[in-house]
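Please work through each task with the sequence and coordinates at hand before reading the solution.

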Amino acid sequence: MGARSYLFQPRDGRTDGHDKPIVSLVKHRFVFRTQMKMTGNSRKILAFGAGAILTIIFVKRVKKWYIEYQVGKKIQRKIQHCEAARAEVEEVLRECGMTLNQAKTIVALPFMELQRQLQNGSLYAVQVLHAYQIMALEATDRLNCVTECLPDAEAIAQSLDRLDKKGGPLHGIPVSLKESFELAGNDSSCGLGHWLENYKSQDAVIIQVLKDLGAVPFVRTNLPETLMLGETNNPIFGRTLHPVDPRRTPGGSSGGEAALIGAGASVLGFGSDIGGSIRIPSHFCGCYGLKTTGERMSRKGTASLSKGQTLVSGTVGPMSRDFDGILESFKHCLSDLHFALDPQVAPLKFNDSMFNSKKPLRIGFYAYDGYSRAVPACERAVLIAKDTLEQQGHTLVAFTPPGVIDAIPDLYMKTIQGDHGKQFLLQLQKDIVIPELARIKLCWSIPGWMLWLLSWIVQAVAKDPQLGRALRAPLQLRSIYGWFQQALQLQEFKDKFLAAWREQKLDAVICPVVATVALPNSETVNVPSAFSYTMLYNILNYSAGSMPVTRVTSDDVCNMAKYPNKTSENKCVIKYMQGTEGLPVNVQVVGLPYQEELVLRVMSELDKSLKAEQES
Ligand SMILES: CCCCCC/C=C\CCCCCCCC(=O)NCCO
């Protein structure tokens, strides 16, 4: 026996017959068994883990499938209902025998002329309704802007025609309504399938007021799922296209309205705005829109996912093909009935003296808000507006809006998602989610620490600290104390902004509406900063209009060569602005809270001058 054997020899000197000491064998068996046991346990743990993951995936899949099935059934029933409503309207249109050309002649009438002819009886409400129905059906076949025809419009128009005296200042004017305005006996989905079939018992206050004025609601228009996008797409009605370039979006969230109005198939519509949803689509489609001060027009009966978040308030306002459309509807909607139906609305009648004043104004202007660089076409639109207003005797002064760089992430983004997006997420979890919202939904779904980490990664990859800050924004409100602090910061910002406004002795401000013109379909979420120009005035609760000034020229597109090319957003904007020649470009006209009349005065004077220039 060699030295090795000896060393491993058991004390009693036994071996296992294979020249191996017994102690060694016992130890090996023990290790082997332990390893076996451990491997067995690991296998069990692994199997259990895999099983759990597979079960979670399976349960999630089943849940998703079940939601899609349930929501899908509701969507199917809604589409059938909309098709039946359309068939009913088409039947009446066939019987009335109005031709497309006849319809075009009526629809071509400017708002004031239409109003005059309806008032003096040259046109019947039913005739006008049929003309707009024909055009709206033609427009929606191309653009998918109408969600639903309202067959009741026929009876409303007929009853107006039977009146001895005209029904009101909007007698017989057809009005299109964003789908989120509640209608008695109908549902308002806000693009969420599971909100369908929740039938409302009465019309939104603004609809009651419009009907009282003699207007005829005739179609409902499309919007994005949740209302919180700068484009218009949802799982129920699908995507709405831009009236000039179908590869692009008409904007959002009142995108169905803007597409319909931009196509000339509605003379007056109503939208809502908590981040730019009236002004953005008006700009993308070259319409007129007015975002009113929070409490100037009733929001009672408007569906929304932002209810309860009152620091940045949602607003309601008119949209039109003509300036007179927004002026007349706003003016007449400020009625006793309106104030009686919703006592929360400030009982302020239209201030004629503010609107008609001839006193020269001091108007601030800026083409860059310090947050998102406007493209050359939008900068040029501001300069055109500035020159035009100067020629009319107003004093135009350069104005730098203070603190926008912090206000957008810290005040806008943080407030509207102050619950880490929970209110939105809870609804999206019960629905089919459009791809544009999937990324935003992810931000709301993941734990705070993960979003925090992700925001820094995105910031580094996109080379964009602003984007990182915006992504982190919803993380910071964790308590009622935090919410109180947020309210305080909003008030401090309002004070700071007003001080800057007062220091320059401003009456109004003109600036871009969005940093870009109409964007390609499904790409708006890649350039969220572009919407800072509208969001600012939601934070401030100022009155603000959007009106067409010019169209994109080939020089504007060439001048994109000088556009900053640093961040991923910059690069997207450069790409998206290719081929934008001919698209409308609006400017934003801003006034202090409850000074819509002053905003409208500036818009009116600017509009008249621009039109006179075009005609000469
Ligand atoms: C809930 C916050 C999501 C932020 C996502 C930012 C992405 C794109 C910017 C969208 C800008 C337009 C928002 C318009 C919202 C609006 O005014 N809605 C009308 C509600 O009545």
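**Exercise 1. Determine between which domains the ligand lies, and describe the shell around the ligand.**

Step 1. Domain 2 (98-350) and domain 3 (362-409 + 497-616) both contribute residues to the shell, so the ligand lies between them. The domain bounds come from an automatic or database domain assignment.

Step 2. The ligand is surrounded by 22 residues, and the closest are S272, G275, S277, P528 and F531. Here a residue is near a molecule or strand if its C-beta atom, placed from the backbone, lies within 6 Å of it.

Step 3. By class, the shell has 11 nonpolar, 10 polar and one charged residues. Ala, Val, Leu, Ile, Met, Phe, Trp, Tyr, Cys and Pro count as nonpolar, Asp, Glu, Lys and Arg as charged, and the others, Gly among them, as polar.

Step 4. The model is predicted: local features need pLDDT of at least 70 and side-chain atom pairs count only at pLDDT 80 or more, whereas totals for chains, interfaces and linings use all residues. Residue numbers run from 1 along each chain as its sequence is written.

**Exercise 2. State which residues UniProt lists as "active site", and characterise S253 and S277.**

Step 1. The unreviewed UniProt entry lists K178, S253 and S277 under "active site". They are spread over 100 residues of sequence, yet they cluster in space, with a largest C-alpha distance of 10.8 Å. UniProt positions follow the numbering used here, feature names are shortened, and annotations may be inferred rather than shown by experiment.

Step 2. S253 is in the loop between strand 3 and helix 8, and S277 is in the loop between strand 4 and helix 9. Helices (H or I, at least four residues) and strands (E, at least two) are DSSP runs, numbered from the N terminus.

Step 3. S253 is buried, with 33 other C-beta atoms within 10 Å, and S277 is buried with 34. A residue is buried if 20 or more other C-beta atoms lie within 10 Å of its own, exposed if 12 or fewer, and partly exposed in between, with C-beta atoms placed from the backbone.

Step 4. Not counting residues up to four places away in sequence, S253 touches L223, P224, L227, L229, T232 and S277. With that exclusion, the contacts of S277 are L227, G252, S253, S254, G271 and S272. Two residues are in contact if their C-beta atoms, placed from the backbone, lie within 7 Å.

**Exercise 3. Locate the residues of the "binding site" annotation, and examine L227 and G276.**

Step 1. The unreviewed UniProt entry gives L227, S253, I274, G275, G276 and S277. Although spread over 51 residues of sequence, these positions cluster in space, and their largest C-alpha distance is 10.7 Å.

Step 2. L227 lies in the loop between strand 3 (216-221) and helix 8 (255-262). Leaving aside neighbours within four places in sequence, L227 contacts S180, C190, S253, S277, S304 and L305. L227 counts as buried because 29 other C-beta atoms lie within 10 Å.

Step 3. G276 lies in the loop between strand 4 (268-273) and helix 9 (279-285). G276 is buried because it has 31 C-beta neighbours inside 10 Å. Apart from residues up to four places away in sequence, G276 touches F531, T534 and M535.

**Exercise 4. Is helix 20 largely enclosed or exposed, and what covers its buried residues?**

Step 1. Eight of the eight residues of helix 20 (residues 532-539) are buried, so this helix is largely enclosed by the rest of the structure. Among them are T534 and M535, both of which G276 touches.

Step 2. The cover over these buried residues includes helix 9, helix 14 (404-416), helix 19 (480-503), strand 9 (508-512), strand 10 (543-551) and strand 11 (584-591).

Step 3. Just after helix 20, N541 adopts a positive phi of about 60°.

**Exercise 5. Describe the surroundings of C287.**

Step 1. C287 is in the loop between helix 9 and strand 5 (288-291).

Step 2. C287 is buried because 34 other C-beta atoms lie within 10 Å. Beyond residues up to four places away in sequence, C287 touches A258, I261, G262, S282, M319, S320 and R321.

Step 3. C287 and M297 are 10 residues apart in sequence and 20 Å apart in space, C-alpha to C-alpha.
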